[in-house]
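Let's take a friendly walk through this structure together. Please have the viewer open beside the text.

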Amino acid sequence: MSSVIDKEFHDVLSRLLQDYPKLWHHRRGSIKDQYLKLATKLSEKLHRPVSEKKVRTVLKNVRRHLQRLDKGLSQRTHYCAYLWYAEELGYMRATETISQIIEEKEFFEEKVALNGELCASSWNSAASIKIELEEYNYITEESHSE
């Protein structure tokens, strides 16, 4: 089994998954064909085939890993793109752990070659995730103060 994480796959899946709330909480209605629709959209965005089975398996693994983080059984994660998902599930310890990884370790920072030039990858950079986290915190604080 490969330990390499396809960061682009998880970033795109995380963003698309937000449009499929029935897949986050299985008790909220029928999920028939939802995995297939998500796999189809994911295939279109990535320009490569992604099966329904892979989407099911990945989401099951992500949810299981977030549960382990929340229970304190793990302190590391490669799934920082799912910070919003941990928040939706109410996994506060997992949310704190992922936030800490993003802020301290710059987990997503990596250099990529684009037309022969090295540049920071924008789809998964720690800076962009940190900005999103700061904006979320600002909005959350603002809504609580009203």
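What follows goes through some helices and a few single residues in turn.

This is a predicted model, in which local features need pLDDT of at least 70, side-chain atom pairs count only at pLDDT 80 or more, and totals for chains, interfaces and linings use all residues. Residues are numbered from 1 along each chain as its sequence is written, and side-chain values use heavy atoms, with hydrogens and water left out.

Let's begin with helix α3, which covers residues 34–46. Helices here are DSSP runs of H or I with at least four residues, numbered from the N terminus. The expected span of a helix is 1.5 Å times one less than its number of residues. The arc is that of the directions from the helix axis to the C-beta atoms.

Now turn to the partner α1 (residues 7–17), whose axis comes within 10 Å of that of α3 and crosses it at roughly 130°. That angle makes α1 oblique to α3. The axes are lines fitted to C-alpha atoms, for helices over the stretch in contact, and angles run from 0 to 180 degrees between N-to-C directions. Angles under 35 degrees count as roughly parallel, over 145 as roughly antiparallel, 65 to 115 as roughly perpendicular and the rest as oblique. From α1, the residues that make the contact are Glu-8, Phe-9, Val-12, Leu-13, Leu-16 and Leu-17; from α3 they are Leu-38, Lys-41, Leu-42, Lys-45 and Leu-46.

Most residues other than glycine have a negative phi. His-47, however, has a positive phi of about 60° although it is not a glycine. With 72% relative accessibility, His-47 counts as exposed.

Next comes helix α4 (residues 52–71), whose 20 residues should span 28 Å; the end C-alpha atoms are 29 Å apart, which agrees. Val-55, Val-58, Leu-59, Val-62, His-65, Leu-66 and Leu-69 are buried in α4. They cover an arc of only 130° around the axis, so they sit on the same side of α4. On the other side, Lys-53, Lys-60 and Lys-71 are exposed. Just after α4, Gly-72 takes a positive phi of about 80°.

Gly-72 leads us to Thr-97: their C-alpha atoms are separated by 9.4 Å, although the two residues are 25 residues apart along the chain. Thr-97 lies in helix α6 (residues 92–105), and its 8% relative accessibility is why Thr-97 counts as buried. Not counting residues up to four places away in sequence, Thr-97 touches Leu-69 and Gln-75.

Key: Helix = DSSP H or I, 4+ residues; strand = E, 2+ residues; numbered from the N terminus. Buried < 20%, exposed > 50% of the residue type's maximum accessible area, 1.4 Å probe, protein only. Contact = heavy atoms within 4.5 Å.
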